[in-house]
Amino acid sequence: MPPRHQSGYGEIMKTGKVPENILKRSVLGQIRTKRKDVAGGAGPGEDCAIFLPPGAGSGGIAVCMQETAVALEDERYDFGGAGLRLTMGHLIQKCANNLAASAARPSALLITLLLPENTEEKTLKALMAEAENKCRELSLEIAGGQTRVCAAVSAPIAVASGYGVCLESACCRDKGYAGRAEPGQDIVVSKWIGLEGTALLAGYNREGLLSRYPAWLVDEASGFGRYLSVLPEAEAALEAGVCAMHDASEGGIFGALWELAEGGGVGLSVDMRSLPLRQETVEVCEFCNVDPYRLMSGGCLVMTAKDGPGLAAVLRERQIPAAVVGRVTEGSDRILWKDGEVRYLDRAGRDEIHRYLSNIICRKETGKQKGDEK
């Protein structure tokens, strides 16, 4: 093996998604075996694999996976030394969103739970009850999984594998599902950016926020979790002739736009003033000193269409806020416009919420701010 300073393999990784350069080099670069009955598999921005068994017609099965350190609903803001912890319901919603953005109807789930030693049975029972409640809401069946007590973990870890049936009208064998972003298409986003991170940060910082803002604003921000499903807009978009979809989540809207463009091998031009941003998100991000454009944005679906205004109109008719924010372009330049100034979109990076929580944990442990770059 080459020396570390020559290979680049000594790069230190931080909490959150593995950086894209490491993903390509040390994960995707090791995957070489391919099968004709697997489409839309591992790749930058690919949240689901599509299985197309011989004789299955034009449809297929979509599969995705999500994982998190998990907490019970009434403990979800007790981040502690484990950093970000989501609820079972939040984790399952992420799986469902991945499937919907891949033109699949969510149908089943496998759940693996890794529990620390000395976990009480009541905790396990409560976690599974929360999972079942969310699955009932989404008409998902928990079809199996694994449950294990493991000395190697310090907080409960949940892994959810979601399965869905691809809509035949949206699936083709050479691309997996209906498509990739292509030059000339409009870019449309649903609802607002930063919803997911705003809800988490507002819940964690409730007392501090109440000292600066009215209770109604803090309550509204912490209640943004009710907007996290993208299933309604994905269904409407498919009926309206959407060309490509990608659900925004970790890495924020900037990460989602990069992954959409990277997956299609295209460029983009986006007017930042058109990106829909709630005032509650602006206030919470200012209080926490985080960038709303790089903040977890679950609940926001990024789409491309030949007729962006028409797609946005269809969504608004169904009471789903939507805005045309830019266009897909040829080449590889990913450009952001704001007040006449031009900047280039960087590759998807660390989500702001992980940087923020790393600082919080460091202050609790050392009593001083961690020098962690954005």
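F51 sits in strand β2, residues 48-51 (strands are DSSP E runs of at least two residues and helices H or I runs of at least four, numbered from the N terminus). With a relative accessible area of 35%, F51 counts as partly exposed, the class between buried, under 20%, and exposed, over 50%, with a 1.4 Å probe and protein chains only as cover. This is a predicted model, where local features need pLDDT of at least 70 and side-chain atom pairs count only at pLDDT 80 or more, while totals for chains, interfaces and linings use all residues. Residues are numbered from 1 along each chain as its sequence is written, and side-chain values use heavy atoms, with hydrogens and water left out.

Now for the second largest pocket, which holds about 420 Å³ of space. Its lining has 21 residues, and E73, T87, H90, G225 and L228 are the closest to the centre. Helices α3 (88-101), α4 (121-138) and α5 (195-204) each put at least two residues into that lining, and α4 gives the most, with four.

Finally, look at helix α10, residues 279-288, where E280, T281, E283, V284, C285 and C288 are buried. A word on terms: a pocket is an open set of 1 Å grid points where a 1.4 Å probe fits, with protein on both sides within 12 Å along at least five of seven lines, and lining residues have an atom within 4 Å of a point.

Key: Points joined across faces, edges and corners; volume = space filled by probe spheres on them.
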